[in-house]
Amino acid sequence: MEKTVFVLLLLLVCCFSETQVTAKPETQKQSDEPDSRSQQTRVPDIHTVLREMNAMLAEQRVEIRHLQRDNEVKQVAFSASLLASGSGHTGPFNTQTTLIYKHVVTNIGNAYNPNTGFFIAPVRGAYHFQFYVHGHGHPSHGSGVVLFKNGHHIFVAYEHQATYSVNPSNGVSLLLEKGDIVFIRLLQNTRIYDSGNHHSTFSGHLLFTM
């Protein structure tokens, strides 16, 4: 009887041990399953991050291209005098006459056209213009010009005396839209003088974009 009980107890112990041994891999397998699932959930997150990084890089490339274009447009400046060569008076005329400043010293950005005398704004922004006039005294004719923006009278430079020389000048800062036109007209019944010394000039440059 005692031998039988001992054998039965031994069999129970062996069965219990086998159950534990076989259970461990299952427990380990179960414990491994969340890790594999967590890895599976982490993988799409990495792909999402990569997609977001690619999108950000594409946006930065676009911004860099825009900045490069803005940088190129910001380089706008010109300066020109009235006569390309020789010397002499221009005017008087019985109506206002557009002046074409033909001796171009600087034309960065090519916004000034020496064939028409027009400055055409390449970009919206604040621009500054200066214009200088030289004239010889005359009993009947003064020396004067007017700056126009899109056909609108802005500022005048005018002086008249019977003898000696006159040197009126003026300047203005303007907010221009892209395509706006700025030019100079000789006032009616006036005359101006220019020579190789380049007395009568028209200049302008972009201050900043808006």
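## Exercises on backbone, strands and core

Asn 150 lies in the loop between β9 and β10 (152-159), where strands (E, at least two residues) and helices (H or I, at least four) are DSSP runs numbered from the N terminus. The model is a predicted one, in which local features need pLDDT of at least 70 and side-chain atom pairs count only at pLDDT 80 or more, while totals for chains, interfaces and linings use all residues. Residues are numbered from 1 along each chain as its sequence is written, and side-chain values use heavy atoms, with hydrogens and water left out.

**Exercise 1.** Find what sets the backbone apart at Asn 150, at Asn 189 and between Gly 91 and Pro 92.

*Solution.* Finally, the peptide bond from Gly 91 to Pro 92 is cis, with omega near 5°, and Pro 92 sits in the loop between β2 (88-90) and β3 (97-98).

**Exercise 2.** Work out how β13 pairs with β3, β6 and β9.

*Solution.* Two strands pair if DSSP finds at least two bridges between them. First, β3 runs antiparallel to β13 over two bridges, and Thr 98 faces Arg 185 in β13. Second, β6 (residues 118-120) is also joined to β13 by two bridges in the antiparallel sense, with Ile 120 opposite Ile 181. Third, β9 and β13 are antiparallel over five bridges, and here Phe 148 stands opposite Phe 183.

**Exercise 3.** Describe the largest nonpolar core and the place of Phe 119 in it.

*Solution.* A nonpolar core is a set of buried Ala, Val, Leu, Ile, Met, Phe, Trp, Tyr and Cys residues joined through side-chain atoms within 4.5 Å. The largest one has 27 residues, and Phe 119 is among those with the most contacts inside it. The elements that give two or more residues to this core include β7 (125-132), β9 (143-149) and β13 (181-186). Leaving aside residues up to four places away in sequence, Phe 119 touches, among others, Phe 78, Tyr 127, Phe 129 and Ile 181, a contact being heavy atoms within 4.5 Å.

Technical notes: Buried means under 20% relative accessible area, exposed over 50%, partly exposed in between (1.4 Å probe, protein chains only).
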